[in-house]
Amino acid sequence: MTKRHVHLPTGAEAGIRAFIDEVDDRLSSDDESTCEVVEDVLIDLYGDREAYERWQNGEDISTAERVRLQGYDPCNSSLESEYYAEKDEEKFKRSKHLQWLWRQFDATPMADNIEFALRFRQMLANHLFEDAGDNLRIFKGVTMTYGHNISVGDNTVIHDDVHLDDRGKLTIGKRCSISDGVHVYSHDHDINDQTAVENFHTIVEDDVRLTFDAMVRAGVKVGENSVVGARSVVQHDVPAHHVVVGQPAKSVRVKPGWESVAHPVDEKYESHRDERKLPYDLPEKLDVFDEFGRTRTPPN
């Protein structure tokens, strides 16, 4: 799609640049904890500095105000991924705080200011992701499991309401386009015992297009320069340069001009999920629970 450059007025540009650089410097410094930086930034983004100072000075505030003000501190929050027993606890301590800032920023009016928000998320991705390429364009409502198991290449675009599951490991290449509503997974559940989880390395290679509302299963590799059609479900590896559609997704053609280098496929699609399985150890004396309270087992 052909686009044109957009520039903010000089004053607005200077303010945005100064704010992003300030937060970046604070997150990079050892002088403050990530938790402290996140809390302080959110207090100001939400315009609650006056109420916060009243609270800190011991003045009366309502119970609702107290809950709101406490919520800016990521140490007072919990995320779904916090319950996952196999996660790297040391990495999660920091990534949880950064993810809290990311999510709460997305709930502010500033998240709709594209020129500001894209650069703010790029800065956060530099701190949160295992590897964040240059010139990332990450739009509003993108969620992730941890963030620290995600690698993304240069010039990739991730549109609204995408879910990047990095409970295992997720690698996204350069110049990829991930459309609205896409879900890319790196973990799976046993079909009988839902509490049994397997983690995988899921790979989206360079120049891939995942179009609207598509789903990529854990452990799949989407080959370079391929296209996954809207609302398709990718269950097996996608060969390079192919266009796949459907549920499950199958090749319907090779991208025009790439016929000489694309490998033909038959009805039997390759799957190398087992090779991409990631082993993990659980902590000793782990206090586990089944949120469903199920006791049923197969009769045989």
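Which residues line the largest cavity? That was my starting point today, and I kept in mind that this is a predicted model.

**Entry 1: the whole chain.** I began with an overview to get my bearings. The chain has 300 residues, and 44% of them are buried. I looked up the secondary structure and found six helices and 19 strands. Along its principal axes, the C-alpha trace spans about 70 × 60 × 30 Å.

**Entry 2: the cavity.** Next I turned to empty space inside the model. Rolling a probe the size of a water molecule over the atoms shows where such space is left. My search of the whole structure gave one cavity of 30 Å³ or more. I noted a volume of about 40 Å³ for the largest cavity. Now for my opening question: its lining consists of V234, Q235, H236, D237, V238, V244, A249 and Y269. I sorted these lining residues by class and got five nonpolar, two polar and one charged.

**Entry 3: a patch on the surface.** Then I moved to the outside. Here I found a nonpolar patch formed by Y280, L282, L286 and V288. Together, these four residues have about 350 Å² of accessible area.

**Entry 4: a closer look at L286.** I picked one member of the patch to follow up. Where does L286 sit relative to β19? I found L286 in the segment after this strand, which covers 277-278. Is L286 buried, partly exposed or exposed? I wrote down partly exposed, because its relative accessibility is 33% and that class lies between under 20% for buried and over 50% for exposed.

Notes:
Residues are numbered from 1 along each chain as its sequence is written. This is a predicted model: local features need pLDDT of at least 70, side-chain atom pairs count only at pLDDT 80 or more; totals for chains, interfaces and linings use all residues. Side-chain values use heavy atoms; hydrogens and water are left out. On a 1 Å grid over the protein atoms alone, a cavity is a set of points where a 1.4 Å probe fits but cannot get out, and a pocket is an open set with protein on both sides within 12 Å along at least five of seven lines; lining residues have an atom within 4 Å of a point. Grid points are joined across faces, edges and corners, and a volume is the space filled by probe spheres set on the points. Ala, Val, Leu, Ile, Met, Phe, Trp, Tyr, Cys and Pro count as nonpolar, Asp, Glu, Lys and Arg as charged, and the others, Gly among them, as polar. Patches are made of residues with over 30% relative accessible area and no salt bridge: like charges are joined within 9 Å, nonpolar side chains (Val, Leu, Ile, Met, Phe, Trp, Tyr) within 5 Å. Accessible areas come from the Shrake-Rupley method with a 1.4 Å probe; for residues, only the protein chains shown count as cover. A salt bridge is a side-chain nitrogen of Lys or Arg within 4 Å of a carboxyl oxygen of Asp or Glu. Helices (H or I, at least four residues) and strands (E, at least two) are DSSP runs, numbered from the N terminus. Buried means under 20% relative accessible area, exposed over 50%, partly exposed in between (1.4 Å probe, protein chains only).
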